[in-house]
Amino acid sequence: MIMKPEEAIMKIKQFSLYHDINDLPHSYRTVEAFEMAIEVLEKKIPKEPEYETLPSGDFYVYCPTCGEVVMCDLVDSPILNEYNHSHCGGCGQAILWEEE
């Protein structure tokens with residue numbers, strides 16, 4: 001069974017609490033590696049995007065982590081500029097789209 005990102009994050013945090021990682025050789029690099037691993041794993045957990053409708057009627061959807069536009073619908077454009085990918089193209093955050 002594949003470990004879920006939430007479980008992996010918990011295991012890394014438990015390890016770092018149980019073992020004083022500041023006492024490990026090259027501890028600053030170890031701490032940096034642990035923080036980086038947690039940051040990457042957290043982006044695998046889908047988050048709801050942020051929505052904005054402008055007075056013009058233009059509609060934008062933003063990544064909750066970096067603010068990159070992940071979808072837009074412009075009133076004056078005949079084309080729906082729908083990126084609607086499962087991940088943000090800017091930072092890699094998994095996007096949790098509402099099911100219709």
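Reader: Is Tyr62 buried, partly exposed or exposed, and at what relative accessibility?

Author: This is a predicted model, and the values are computed from it. Buried requires under 20% relative accessible area, and exposed requires over 50%. Tyr62 counts as partly exposed, its relative accessibility being 21%.

Reader: How many helices and strands does the protein chain have, and in what order do the elements run from the N terminus?

Author: The protein chain has 2 helices and 3 strands. Read from the N terminus on, the order is α-α-β-β-β.

Reader: How many aromatic pairs are there, and why does Tyr51 with Phe59 count as stacked?

Author: The count comes to 2 aromatic pairs. In one of them, the ring centres of Tyr51 and Phe59 are 6.0 Å apart with the planes at 25°. Planes under 30 degrees apart count as stacked, so the pair of Tyr51 and Phe59 is stacked.

Reader: What is the angle between the ring planes of Tyr60 and Tyr62?

Author: The ring centres of Tyr60 and Tyr62 are 6.1 Å apart, and the pair is stacked. Of its two members, Tyr60 counts as buried at 19% relative accessibility, while Tyr62 is partly exposed. The planes of Tyr60 and Tyr62 stand at 15°.

Reader: How many disulfides are there, and which cysteine sulfur is nearest to that of Cys88?

Author: A disulfide needs two cysteine sulfur atoms within 2.5 Å. By this rule the count is 0 disulfides. Cys88 is in no disulfide, and at 3.6 Å the nearest cysteine sulfur is that of Cys66.

Reader: Which residues make up the largest nonpolar core?

Author: Such a core takes in only buried residues. Cys88 is buried with a relative accessible area of 4%, and Ile95 is buried with 7%. The largest nonpolar core has 6 residues: Val61, Cys63, Val70, Met71, Cys88 and Ile95.

Reader: How many residues are in the other core that lies apart from it?

Author: Members of this other core include Ala8, Ile9, Ile38 and Leu41. The number of residues in it is 5.

Reader: Where does Ile95 lie, and how far in space is its C-alpha from that of Glu48?

Author: Ile95 is found in the segment after strand 3 (69-73). Leaving aside neighbours within four places in sequence, Ile95 is in contact with residues including Pro46, Lys47, Pro49, Cys63, Val70 and Cys88. Ile95 and Glu48 are 47 residues apart in sequence, and their C-alpha to C-alpha distance is 6.0 Å.

Reader: Which side chain of opposite charge is nearest to Asp58, and how far away is it?

Author: Asp58 sits in the loop between strand 1 (50-53) and strand 2 (59-62). Not counting residues up to four places away in sequence, Asp58 touches Glu52, Thr53, Asp73, Leu74 and Val75. Asp58 is buried yet has no salt bridge, and the nearest side chain of opposite charge is 27 Å away, that of Lys47.

Reader: What does Gly57 touch, and how far in space is it from Leu74?

Author: Gly57 also lies in the loop between strand 1 and strand 2, and at 34% relative accessibility Gly57 counts as partly exposed. Beyond residues up to four places away in sequence, Gly57 touches Asp73 and Val75. Gly57 and Leu74 are 17 residues apart in sequence, and C-alpha to C-alpha they are 7.3 Å apart.

Reader: What share of the protein chain counts as buried?

Author: The protein chain has 100 residues. Of these, the share that counts as buried is 22%.

Note on methods. Residues are numbered from 1 along each chain as its sequence is written. This is a predicted model: local features need pLDDT of at least 70, side-chain atom pairs count only at pLDDT 80 or more; totals for chains, interfaces and linings use all residues. Side-chain values use heavy atoms; hydrogens and water are left out. Buried means under 20% relative accessible area, exposed over 50%, partly exposed in between (1.4 Å probe, protein chains only). Rings of Phe, Tyr and Trp (its six-membered ring) pair if their centres lie within 6.5 Å; planes under 30 degrees apart count as stacked, over 60 as edge-to-face and the rest as tilted. A nonpolar core is a set of buried Ala, Val, Leu, Ile, Met, Phe, Trp, Tyr and Cys residues joined through side-chain atoms within 4.5 Å. Helices (H or I, at least four residues) and strands (E, at least two) are DSSP runs, numbered from the N terminus. Lys and Arg count as positive and Asp and Glu as negative; His and the chain ends are not counted. A salt bridge is a side-chain nitrogen of Lys or Arg within 4 Å of a carboxyl oxygen of Asp or Glu. Contact means heavy atoms within 4.5 Å.
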